[in-house]
Amino acid sequence: VEPSGVAVTFLGALAYPDVRGLAFTGNGVLYGVDRASRSLVAINPVNGTCVLRADLTAYGLTDLQDLAWDVHTQRLIAVDAAQRRLVAIDPTDNSVQEIGVLDATDVRAVQVEGPGVLVVLDRATDQLIRVDRFTGATLP
């Protein structure tokens with residue numbers, strides 16, 4: 001969508017059926033999590049082609065909902081709604097690090113607020129919850 005909100009450009013159909021949580025990294029790579037295949041994919045923002053970067057089933061992730069870029073740690077942050085898990089993904093080697101289990105019922109979104117602080121959306125309670133980036137613990 002153009003900044004004026006007038007023009008929309010169709011880039012093409014994605015090869016993955018259920019991509020959610022798009023996030024650009026610091027070097028301009030666009031990533032998404034595909035809920036159906038439980039995969040991390042890199043997406044070409046010019047033509048929509050996708051490249052599989054990591055199969056996240058090995059890490060027990062089953063219901064990926066969102067993705068955010070943490071500029072402070074150079075990691076992608078992903079949220080699994082079914083398990084209320086928060087994980088960090090290193091895009092250089094696609095390794096996954098467990099952050100923690102969230103004190104929320106139905107987490108659907110995550111964003112970086114600042115160094116060490118994330119904000120998650122609990123859809124069940126319609127609340128935004130501040131959490132520690134390194135433990136997943138709820139912050140005041």
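A: Here is a walk through the core and the strands around it. This is a predicted model, in which local features need pLDDT of at least 70, side-chain atom pairs count only at pLDDT 80 or more, and totals for chains, interfaces and linings use all residues. Residues are numbered from 1 along each chain as its sequence is written, and side-chain values use heavy atoms, leaving out hydrogens and water.

The largest nonpolar core has 16 residues, and Leu40, Leu56, Leu67, Leu76 and Ile89 have the most contacts inside it. Such a core is a set of buried Ala, Val, Leu, Ile, Met, Phe, Trp, Tyr and Cys residues joined through side-chain atoms within 4.5 Å; buried means under 20% relative accessible area, with a 1.4 Å probe and protein chains only. At least two residues of this core come from each of β2 (30-34), β3 (39-43), β5 (64-70), β6 (75-80) and β7 (85-90). Strands are DSSP runs (E, at least two residues), numbered from the N terminus. The most is given by β5, with 3 residues. A second, separate core of 14 residues includes Ala68, Val79, Ala104 and Val110.

Now zoom in on Leu40. Leaving aside residues up to four places away in sequence, its contacts (heavy atoms within 4.5 Å) include Val33, Val51, Leu56, Leu67, Leu76 and Ile89.

Strand β2 also has a partner: β1 (residues 19-24) pairs with β2 in the antiparallel sense over 4 bridges, where pairing takes at least two DSSP bridges. Phe24 stands opposite Leu30 of β2. This hairpin has 5 residues between its strands, and Gly28 takes a positive phi near 90°.

Notes. Buried means under 20% relative accessible area, exposed over 50%, partly exposed in between (1.4 Å probe, protein chains only).
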